[in-house]
Amino acid sequence: TEPQSNIVCFRYLKPDTDGVELNTLQKNIRKEILDSEKFYIVQTDLKGKTWLRCALMNPMSTIEDLEALLAMIVRISEEL
């Protein structure tokens, strides 16, 4: 189907991590991404949960760009 929105909210789920720790993890992942200056990602809080939020605006963005962002998120979460 045609996209309804260009904004995607998601959470990185780490095994054996509870709700408060997951919220902190999302915030720390975002901080590390911003510090790297490779991607820009925001966060939002909804119903007591912190979500990572990505707006896909650039028509030049590719699947490879998104895969690189996801790889960075996984790498960062493993280092935290």
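Select Glu-79 and Arg-75: their side chains form a salt bridge, with the closest N and O atoms 3.1 Å apart. A salt bridge here is a side-chain nitrogen of Lys or Arg within 4 Å of a carboxyl oxygen of Asp or Glu. The model is predicted, so local features need pLDDT of at least 70 and side-chain atom pairs count only at pLDDT 80 or more, whereas totals for chains, interfaces and linings use all residues. Residues are numbered from 1 along each chain as its sequence is written, and side-chain values use heavy atoms, with hydrogens and water left out.

Glu-79 and Arg-75 are four residues apart in helix H2, and therefore about one helical turn separates them. Glu-79 is exposed, at 56% relative accessibility, while Arg-75 is partly exposed, at 38%. The classes are buried (under 20% relative accessible area), exposed (over 50%) and partly exposed (in between), computed with a 1.4 Å probe on protein chains only.

**Helix H2**

Next, display the whole of H2, residues 63–79. Helices (H or I, at least four residues) and strands (E, at least two) are DSSP runs, numbered from the N terminus. The expected span of a helix is 1.5 Å times one less than its number of residues. For the 17 residues of H2 this gives 24 Å, and the end C-alpha atoms are 24 Å apart, which agrees.

Colour Leu-69, Met-72, Ile-73, Ile-76 and Ser-77, which are buried. Viewed down the axis of H2, the buried residues fall within an arc of 130°, so they line one face of the helix. That arc is taken from the directions from the helix axis to the C-beta atoms. On the other side of H2, Ile-63, Glu-64, Glu-78 and Glu-79 are exposed. The cover over the buried residues of H2 includes E1, H1 and E3, where contact means heavy atoms within 4.5 Å.

**The sheet**

Now select the strands. Three of them form an open sheet in the order E1-E3-E2, with antiparallel pairing. Its edge strands are E1 (7–10) and E2 (42–46), each of which pairs on one side only. Two strands pair if DSSP finds at least two bridges between them. Neighbouring strands of this sheet are turned by 35° against each other on average, direction ignored.

Zoom to E2 and E3 (residues 49–55), which run antiparallel and are joined by five bridges.

**Helix H1**

Move to H1 (residues 19–36), which lies across E1, E2 and E3 and runs at about 30° to E3. Axes are lines fitted to C-alpha atoms, for helices over the stretch in contact, and angles run from 0 to 180 degrees between N-to-C directions.

Asp-35 is partly exposed, with a relative accessible area of 47%, and Lys-31 is partly exposed at 45%. A search of the whole structure finds two salt bridges.

**Two loop residues**

Finish in the loops. Most residues other than glycine have a negative phi. Asp-16, in the loop between E1 and H1, has a positive phi, near 60°. Asp-16 is exposed, at 82% relative accessibility. Then select Glu-37, in the loop between H1 and E2: its phi is positive, near 60°, and the residue is exposed at 73% relative accessibility.
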